[in-house]
Amino acid sequence: MTQNLLHINPIAILVHAAIPLVIILVYALVAIWAERKVAGFIQDRLGPMRVGGWHGWAQSIADLLKLIQKEDIIPNDASRFLFKFAPFMMFAASYAAFAVIPFSSSYIGSNINIGVFYLLAVTSVLTLSIIMAGWASNNKWSLLGGMRSAAQMVSYEVPTIATVLTVIVVTGSLNLMTVTEMQSGNDILGFLPNWFIFQNPFLLVAFVIFFISILAESHRVPFDLPESESELVAGYQTEYSGMRWAMFMLAEYADMLLLSLLGATLFFGGWNSPFGDFMSGPFWSFFWFMLKGLLLVFVMMWIRWTLPRYRVDQLMHICWSILIPLSFINLVLVALWEVIF
Amino acid sequence: MVEAIKSGWITFKSIFIGMGVTIRHFFGPSVTLQYPDERPVIPDKARTKLYVNIDDCIGCHLCARACPVNCIYIDTVPATSDVDLGKTSTGNPKRFWLTRFDIDMAKCMYCDLCVHPCPTNCIYMVPDYEYSEFDRTNLIYHFSNLEPAMVAEVKEKAEKEAAEKQKQREEMMRKKAEEAKKKQMEAKKPPQQNTDGETGTKSDKSDNGDS
Amino acid sequence: MELTTILFYLFSLITLGAAAFMVFSKNIVHSAFALMFALIGVAALYVLLYADFLAATQLLVYVGGILILILFGVMLTSLGYTFNFKTVTVNLAPASLLSATAAVLLIFAFVTTDWKISEIAEPTDTVYDLGMLLMGDYILPFIVAGVLLLIAIIGAILMSTHLSAENREGV
C-alpha cells in the first residue's frame with residue numbers, strides 16, 4: 001500500500017481509486033432497482049415499470065435526479081457540522097474498504113498483506129458515523145436508531161471477525177488476493193472447485209455464521225433495527241433529505257456489496273471460475289466475482305422479503321449466546337481439522 | 001445440547017421453508033394490472049356511473065323518490081297541447097318537458113335503487129369509473145337537453161296553458177254551479193244538458209289517467 | 001514538497017486540531033467525536049510510517065471499539081436528555097501545574113533521547129513478523145495481557161450477573 005501510495009503519481013492513484021467507485025455507483029443504481037423488483041416479484045407484483053421502458057430500468061436514475069434537486073434540510077437544533085459530515089464519513093468508510101477487495105485476477109485496489117484486517121478496521125468506522133448521524137439530528141428516533149445500530153454492529157463484529165478468522169486460520173494469510181489464489185483449481189471429489197465452503201464441513205458452519213453476521217452488519221432484515229421503519233420512522237436517517245440521505249443509501253448498499261464480496265472471496269473462491277480454466281482471465285474473473293457477490297446480495301434481498309424483524313433482545317441473544325460461542329468453537333474445530341488433515 | 005440442536009434445526013428448516021415459498025412467488029406470475037395501459041373487464045352489473053337516456057324519460061320522478069340520498073333532481077313542465085313530445089322507445093307517450101334532470105354523483109352511494117323502478121329503463125349504470133374531478137360541482141351531471149331559452153319558452157307556454165285551463169276550469173265550475181242552481185230551480189225537469197257536460201269532463205280525465 | 005510530507009503535515013494538523021478541539025470543547029459528545037478525528041489522524045500517521053497493522057489496529061480497537069464505548073457511556077449515563085453535556089473547568093491551578101510538568105518531562109525526554117534514525121523501508125510482511133514475535137520473543141507479555149483481559153471479562157460478567165440478580169430480588 002505504502003509503496004504504491006508514495007511513488008506513483010497522484011493522477012494514477014485517482015484513476016486507480018475511481019474503479020471501485022464506478023463499480024459501487026453502477027451497482028447501487030442497479031441494486032436499488034433490483035431490490036424493488038425482487039420485492040415486487042416476491043409479493044406477486046411487478047415493481048417499478050414505467051420509467052425508461054423495459055421493466056422500469058431507469059427508475060433509480062430518475063430517483064437520483066430527484067434527490068439531487070431536493071432541498072438540503074438541516075434541523076435548527078441539529079449539531080450542524082456533525083450532521084453534515086456523517087453521511088460522507090459513512091460512505092468514505094465503506095468505500096475505503098473496497099481497496100483490498102480483489103475484483104479480478106489482475107485488479108486489486110491495494111495489495112497489502114493485512115487485507116481483511118484493514119477491511120474490518122475501516123468498516124468499524126461505519127458504526128461511529130451512524131451514531132454521529134443519530135446524535136447530531138437531535139431527534140429521538142434518530143438517536144434510538146443510532147444507539148441500536150451501534151450496539152448491533154459492535155456485537156456482530158465479534159462473530160464476523162471470528163468467522164473471518166477461521167478462514168484466515170486455513171489460509172495463513174490476511175491478503176485477500178492470496179486467499180483467492182489458494183482456492184483455484186477443481187480438486188474436491190474430482191470436480192468441485194477448491195472453494196473453502198466445500199473444503200471443510202466446519203467452514204460451511206463458519207459461512208452460515210458469517211452470513212447471519214453480515215446481515216446484521218449491513219442492517220438487513222431480519223436485523224434492520226437501526227432503521228426499522230415501523231417503529232423508528234427511519235432510524236438514524238429520519239432527519240436527512242436530498243443528497244445527504246442519498247449518501248446514506250449509497251453507503252448502505254455499498255456496505256452490503258462489500259460484505260457480500262468479502263463472503264464471496266472468503267468462501268466461494270473470489271474471482272475463480274467454477275469451471276477451472278474454462279472462462280478464466282481478467283475479464284471473466286471480474287464477471288465471476290461480481291456474479292458471486294451479487295448472488296449473495298440477492299439472497300439478502302430474498303431473506304428481506306421472507307423473514308420478519310427480530311426484537312432488540314432477540315438480536316442480542318442471537319449474537320451473544322448463540323453466534324459468538326458457536327463461532328469460537330467452530331474456530332477451534334477448524335484449527336484442529338487443519339492440524340489433523 | 002440435543003434440545004439446542006433440535007431447535008436450531010427447526011429454525012433453519014422453517015427459514016428455508018419460508019424462503020421456498022417466497023422464491024416460488026418470485027418466479028410465479030404477478031397479479032398486477034398495468035392500469036392505464038390495461039384495464040379490468042367490468043362485470044355486467046357493476047355499479048359505476050349513472051346515466052340517463054333522456055330521450056326515454058317520461059318525467060315520472062320514480063327514480064328521485066327511490067334515491068336514499070336524494071341525489072337526483074328532476075323538474076318537469078307539462079307539455080302544452082299544441083306539441084307532441086312523441087313516445088319513448090318502450091312505447092310510452094311523453095307528457096312532460098324535462099327542464100332539469102341532475103344527478104349528483106358526489107352524493108350517489110351506488111345502491112342501484114333508482115335503476116329498477118324506472119318504467120322505461122332509461123336510467124342505468126354505464127361502465128365508466130374514471131370520472132374524478134378537481135371541483136365537486138363538476139360531479140353534478142346534467143342530463144336535460146333543453147336549452148335555457150327553450151326552458152323559459154316552455155315554461156311560459158305551460159303557464160299560459162295552465163292559466164287557460166284554470167280559467168276553463170273556473171268557467172266550468174261556474175257553469176256547474178249555474179247548472180246546479182238551475183237544477184235546484186228546475187228540480188222537476190230531467191237534467192238532459194248536464195250529461196253532455198259530464199261526459200266531456202270524463203273523457204278529459206280518462207286521458208289524463210292513461211298518461 | 002513530496003506527497004508523503006504533505007500528507008504527514010495534513011494528518012498531523014488534523015490530529016492536533018482535533019485533539020485541541022477535544023480538550024477545549026464544552027460539549028462532551030463533540031469532544032468524543034473530536035477524539036475520533038484525532039485517533040484516525042494518528043492511524044494515518046502510522047500508515048505513513050509503514051506500520052499498516054498498527055494503523056488498522058488503531059482503527060479497529062480505538063475508533064471501532066473504545067470510542068463507541070465512550071459514546072455509549074456518555075449517552076447512557078446521562079440523567080436528562082443527552083444534549084446538554086457541558087464540561088466545567090475545575091482545579092485549574094493543580095491541573096495546569098501537572099500538565100506543565102508533564103510537558104516539561106516529555107520535551108526533556110524528547111530532546112535528550114538518542115533517537116535511532118533509519119531510512120524508511122517497506123517491510124515485506126508485517127503480520128507474519130508480528131505473529132512470530134508475539135508467539136516467540138514476547139510470549140510472556142502476550143499471555144499476561146490475555147490473562148488480564150480474561151480476568152477483566154470474568155469480573156465484568158460477575159458484576160453484571162450480581163447486579164441483575166440483585167435487581168431481580170428487589171423486584
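Is A:Arg244 buried or exposed, and at what relative accessibility? A:Arg244 counts as buried because its relative accessibility is 12%, where buried means under 20% relative accessible area, exposed means over 50% and partly exposed lies in between (1.4 Å probe, protein chains only). The model is predicted, so local features need pLDDT of at least 70 and side-chain atom pairs count only at pLDDT 80 or more, while totals for chains, interfaces and linings use all residues. Residues are numbered from 1 along each chain as its sequence is written, chains are lettered from A and ligands numbered from 1 in the order in which they are written, and side-chain values use heavy atoms, with hydrogens and water left out.

**Chains A and C**

- Between the two pairs of chains that touch, chains A and C have the most contacts, a contact being heavy atoms within 4.5 Å.
- On this interface chain A contributes 37 residues and chain C contributes 33 residues.
- The size of an interface is often given as the accessible area lost when the parts come together.
- For chain A and chain C the buried area is about 3,100 Å², with 78% of it given by carbon and sulfur atoms; buried area is the accessible area (1.4 Å probe) that two parts lose on being put together, summed over both.
- There are zero salt bridges between chain A and chain C, a salt bridge being a side-chain nitrogen of Lys or Arg within 4 Å of a carboxyl oxygen of Asp or Glu.
- One residue pair is in polar contact across the interface of chain A and chain C (both at pLDDT 80 or more); a polar contact is a pair of N or O atoms within 3.5 Å, where within protein one must be able to donate a hydrogen and the other to accept it, and residues adjacent in sequence count only if both atoms are side-chain atoms.
- On the side of chain A that touches chain C, two or more residues come from each of helix 1 (2-7), helix 4 (80-96), helix 5 (115-136) and helix 6 (140-171) of chain A, where helices (H or I, at least four residues) and strands (E, at least two) are DSSP runs numbered from the N terminus.
- Helix 5 of chain A gives the largest share of that side, twelve residues.

**Chains A and B**

- Here 17 residues of chain A are in contact with 15 residues of chain B, and the area buried between them is about 1,400 Å², of which carbon and sulfur atoms give 68%.
- The interface of chain A and chain B holds one salt bridge, formed by B:Asp37 and A:Arg50 with their closest N and O atoms 3.5 Å apart.
- Six residue pairs are in polar contact between chain A and chain B (both at pLDDT 80 or more).
- Chain B and chain C, by contrast, are joined by no contact, and their closest C-alpha atoms lie 23 Å apart.

**Nonpolar core**

- The largest nonpolar core has 124 residues, of which A:Phe103, A:Leu128, A:Leu266, A:Phe267 and C:Phe33 touch the most other members; such a core is a set of buried Ala, Val, Leu, Ile, Met, Phe, Trp, Tyr and Cys residues joined through side-chain atoms within 4.5 Å.
- Helix 5 of chain A gives the most to this core, namely 16 residues.
- Not counting residues up to four places away in sequence, A:Leu128 touches A:Met89 as well as residues of chain C, including C:Phe33, C:Met36 and C:Val63.

**Salt bridges within chains**

- Over all chains, the whole structure has 13 salt bridges.
- A:Asp72 and A:Arg244 form a salt bridge in which the closest N and O atoms are 2.9 Å apart.
- Because A:Asp72 lies in the loop between helix 3 (59-69) and helix 4 of chain A, and A:Arg244 in helix 11 (residues 242-267) of chain A, the pair ties together parts that are 172 residues apart in sequence.
- A:Asp72 counts as partly exposed, at 38% relative accessibility.
- A:Glu35 and A:Arg304 also meet in a salt bridge through their side chains (3.1 Å, N to O), linking helix 2 of chain A with helix 12 of chain A across 269 residues.
- A:Glu35 counts as buried at 3% relative accessibility, whereas A:Arg304 counts as partly exposed at 24%.
- A network of salt bridges links A:Glu35, A:Arg220 and A:Arg304.
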